[in-house]
Amino acid sequence: MTERSNPPISPRKQPQQARSAELVAAILQAAAQVLAQEGAHRFTTARVAEKAGVSIGSLYQYFPNKAAILFRLQTDEWQQTGELLVGILQNESLPPLERLRELVHAFLHSECEEAAMRIALDDAAPLYRDAPEAEQARTFADPTVHAFLREVLPSVDASSRDIAADLFATTLGTVGKRFSESPRTADEIARYAEAMTAMFRAYFQALEGAAR
């Protein structure tokens, strides 16, 4: 008995003209609305096409199945968050530990603002999470995080920095996900972000102090 492979998640083609770009944008906007209203388990290409006001054939010109649409929504979310974090970490006008603080605050705000969409996308993750394309999209910000930690931990050896990078990213993502599962006020987000920043700062300072 052969294993059933995952459905293809790459788009069939990229829009080349303004009109086709507008069509893809309308499909993705409709897909986000269907996902928010129906959830991942009732998400279908037919519902998306109807919401977008396009034929199912037009939708299939660009997306081979619902997994490809959901993956595009997920990668757009990953890229948006990644670009936010990269922009903060590369802002050399701020000292490194101030960049760290700004990053934690921005990340928690983003997680709470996008909680409903993120939870729905988590439900859809089995359709694409093991695909090579997903791994590439998830690790978009990794080089910037590693460069930032080389700046923060100049005396720490590379293998220990790799552990620190993994621990930092895993903790930030896991805690952010859990924290945002309940509605939060701006004050709650700010206080939690300050606590997380203090925790990361203490960890990095302890690592650098021990390596000197």
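Colleague: Which residues of the largest nonpolar core touch the most other members?

Modeller: A nonpolar core is a set of buried Ala, Val, Leu, Ile, Met, Phe, Trp, Tyr and Cys residues joined through side-chain atoms within 4.5 Å. Buried means under 20% relative accessible area, exposed over 50% and partly exposed in between, with a 1.4 Å probe and protein chains only. Here the largest core has 28 residues, and Leu35, Phe43, Val48, Leu59, Phe63, Leu73 and Tyr128 touch the most other members. The model is predicted, so local features need pLDDT of at least 70 and side-chain atom pairs pLDDT 80 or more, while totals for chains, interfaces and linings use all residues. Residues are numbered from 1 along each chain as its sequence is written, and side-chain values use heavy atoms, without hydrogens or water.

Colleague: Which element gives the most to this core?

Modeller: Helices are DSSP runs of H or I with at least four residues, strands are runs of E with at least two, and both are numbered from the N terminus. Helix α1 gives the most, with 8 residues. A second, separate core of 26 residues includes Ile88, Leu108, Val156 and Phe179.

Colleague: At what angle do α1 and α4 pack?

Modeller: Two packed helices are described by the angle between their axes and the distance between the axes. Axes are lines fitted to C-alpha atoms, for helices over the stretch in contact, and angles run from 0 to 180 degrees between N-to-C directions. Helix α1 (residues 18–38) and helix α4 (residues 66–89) pack at about 90°, with axes 10 Å apart. That makes α1 roughly perpendicular to α4; the class covers 65 to 115 degrees, with under 35 roughly parallel, over 145 roughly antiparallel and the rest oblique. Contact means heavy atoms within 4.5 Å, and the α1 side includes Val24 and Leu28, the α4 side Ile69 and Arg72.

Colleague: How many aromatic pairs does the structure hold?

Modeller: Rings of Phe, Tyr and Trp (its six-membered ring) pair if their centres lie within 6.5 Å; planes under 30 degrees apart count as stacked, over 60 as edge-to-face and the rest as tilted. The structure holds 5 such pairs. Tyr203 and Phe204 form a tilted one, 5.6 Å centre to centre with 40° between the planes. Tyr203 is partly exposed at 25% relative accessible area, whereas Phe204 is buried at 1%. Phe168, Phe200, Tyr203 and Phe204 form one aromatic cluster.

Colleague: Is Thr197 buried or exposed?

Modeller: Thr197 counts as buried, at 1% relative accessibility. Thr197 lies in helix α10 (residues 186–211) and touches Leu100, Arg101 and Val104, leaving out residues up to four places away in sequence.
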